[in-house]
Amino acid sequence: MNKERVKKVYACFSTDVLHEGHINIINEAQKYGELTVGVLSDEACVKFDRFSTISLDEKIKMFEKIPGVSRVIIQKNTTYKDVLDDLKPDYVVHGDNWKSGPQRIIRDGVIEILSKWDGKLIEVPYTRNENVKAIDDTTREKLSMPEYRRKRLGQLLKLRPIVKAIEVHNGITGLIAEKTVVERDGELDQFDAMWISSLCDSTAKGKPDIELVDMSSRLDTVNDVMDVTTKPIILDGDTGGLVEHFVYNVRTLERMGVSAIIIEDKTGLKKNSLFGTEVKQTQDTIENFCYKISEGKKALRTSEFMIIARIESLILEQGMDDALNRAYAYVEAGADGIMIHSRKKDPAEIFEFCDTFRKTNKETPIVVVPTSFNMVTEEEFVEHGVNIVIYANQLTRSAFPAMQDTATKILQCHRAKEVDESLMSIKDIITLID
């Protein structure tokens with residue numbers, strides 16, 4: 001008689017810490033045959049799950065120590081397709097927590113792939129108790145600690161083709177940035193970082209964007225966001241102020257766990273860049289701005305905090321050569337990144353800057369804020385060497401019309417019934433806040 005073939009079983013994990021829920025899944029999986037455990041790669045983890053606090057090698061070793069695990073492999077994508085096509089397991093075992101929410105699309109894909117060879121999906125009830133909750137809470141708190149959060153932007157630049165940051169201006173917008181996950185082309189995706197803009201911070205406080213809101217108040221906003229999120233923060237530092245103030249502020253931000261500050265090479269009373277030459281704006285000299293960058297870098301105590309130089313030459317119609325000369329000088333002075341800005345809808349001058357800069361500098365991150373040239377896709381930016389894209393004010397700009405429309409309708413109708421369909425339920429808001 002032919003010996004019966006040993007059934008093949010596959011289970012994938014993204015966790016940094018094993019708890020009884022994971023062990024329960026592994027124990028259940030072993031009942032069906034020879035178990036292969038997949039460890040989700042760092043690149044895949046940051047697309048939909050929390051950032052890893054341990055290395056991929058440490059994760060692999062953690063699972064290799066578990067009795068009954070035949071082997072451990074790396075799963076490079078959030079979809080299981082490549083791994084399943086290669087292994088052709090008889091069973092895939094997973095917790096039942098992916099039946100709803102963004103991961104549902106991944107589950108549907110697994111079922112479809114398994115059907116090609118009559119494979120089966122085994123779903124184990126998700127373990128919910130105080131011990132598991134305590135471990136999950138501890139892991140999340142660890143991610144929010146300054147020593148982990150501060151370096152995360154630099155890590156993401158190595159993992160992602162382009163880092164996506166969105167503007168936040170309080171705790172609730174921070175939670176939206178933290179928890180919004182979508183399905184696109186069969187993969188899951190999310191924002192990588194948060195941008196705390198002086199414009200939106202001032203606007204949320206009902207004040208003009210002229211650096212009237214001082215740094216102490218802005219640090220309160222940073223703290224509010226940090227209290228409820230784990231993603232890295234990029235702070236809009238306007239001009240950076242006096243060098244003596246800038247040196248103090250970068251130390252404070254570094255200590256708090258902020259990942260980067262972006263400062264613009266202008267002087268005098270702050271005016272929004274999108275006004276361009278319509279209002280009087282003065283660009284700093286290359287020498288002065290380089291001095292500010294170098295003094296800021298000297299003040300830092302780690303190599304993780306980034307000072308990014310924002311060049312206003314194109315905004316102020318000073319020409320491409322001026323923008324490029326400044327970029328090279330700022331990098332030489334110690335800038336960890338270059339932000340190039342334009343108020344034109346046509347991205348041609350942005351692309352020209354990036355392409356020319358990349359001919360001689362392949363490594364320094366380039367940052368863009370596509371408020372005006374918003375038709376450009378992230379994939380197009382990548383083709384021109386861009387590393388970070390910041391959606392700098394869209395949450396603020398979408399919130400104000402919605403709130404104004406609600407207030408107007410209530411006044412017009414003398415009741416709230418007519419606005420109900422456009423409102424998020426209190427239950428959903430509470431769920432978002434945890």
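This is a predicted model: local features need pLDDT of at least 70, side-chain atom pairs count only at pLDDT 80 or more; totals for chains, interfaces and linings use all residues.

I looked up the polar contacts between domain 1 and domain 2 and got four residue pairs, both residues at pLDDT 80 or more. A polar contact here is a pair of N or O atoms within 3.5 Å; within protein, one must be able to donate a hydrogen and the other to accept it, and residues adjacent in sequence count only if both atoms are side-chain atoms. For salt bridges between domain 1 and domain 2, I found zero. A salt bridge means a side-chain nitrogen of Lys or Arg within 4 Å of a carboxyl oxygen of Asp or Glu.

Residues are numbered from 1 along each chain as its sequence is written, and side-chain values use heavy atoms, with hydrogens and water left out.

I wrote down the domain bounds: domain 1 is 8-134, domain 2 is 145-392 and domain 3 is 398-431. Those bounds come from an automatic or database domain assignment. The centres of domain 1 and domain 2, taken over C-alpha atoms, are 37 Å apart. Their contact (heavy atoms within 4.5 Å) draws 16 residues from domain 1 and 14 residues from domain 2.

How much area do domain 1 and domain 2 bury between them? I have about 1300 Å², with 65% of it on carbon and sulfur atoms. That is the accessible area (1.4 Å probe) that two parts lose on being put together, summed over both. Val46, Lys47 and Phe51 supply 42% of what domain 1 buries against domain 2, more than any other three residues.

Next I checked which elements give two or more residues to the domain 1 side, and they are helix H2 (42-48) and helix H5 (104-114). H2 has the largest share, six residues. Helices (H or I, at least four residues) and strands (E, at least two) are DSSP runs, numbered from the N terminus.

**Salt bridges**

I counted 27 salt bridges by the rule above. Arg5 and Asp90 make one of them, at 2.8 Å, N to O. Arg5 sits in the segment before strand S1 (8-13) and Asp90 in the loop between helix H4 (81-87) and strand S4 (91-95), so this pair ties together parts 85 residues apart in sequence. Arg5 is partly exposed at 47% relative accessible area, while Asp90 is buried at 14%. My cut-offs: buried is under 20% relative accessible area, exposed is over 50%, partly exposed is in between (1.4 Å probe, protein chains only).

Asp137 and Lys133 also pair, closest N and O atoms 2.8 Å apart. Both are in helix H6 (residues 130-144), four residues apart, about one turn of the helix. Asp137 is partly exposed at 31%, and Lys133 is partly exposed at 45%.

Arg160 bridges to Asp192, with the closest N and O atoms 3.0 Å apart. I noted that both Arg160 and Asp192 are buried. Salt bridges with shared partners join Arg160, Lys164, Asp189 and Asp192 into one network.

**One buried aspartate**

Last, I looked at Asp236 in strand S10 (residues 233-236). Asp236 counts as buried, at 5% relative accessibility. Leaving out residues up to four places away in sequence, Asp236 touches Trp195, Ile196, Ser197, Ser198, Leu199, Arg218 and Ile262.
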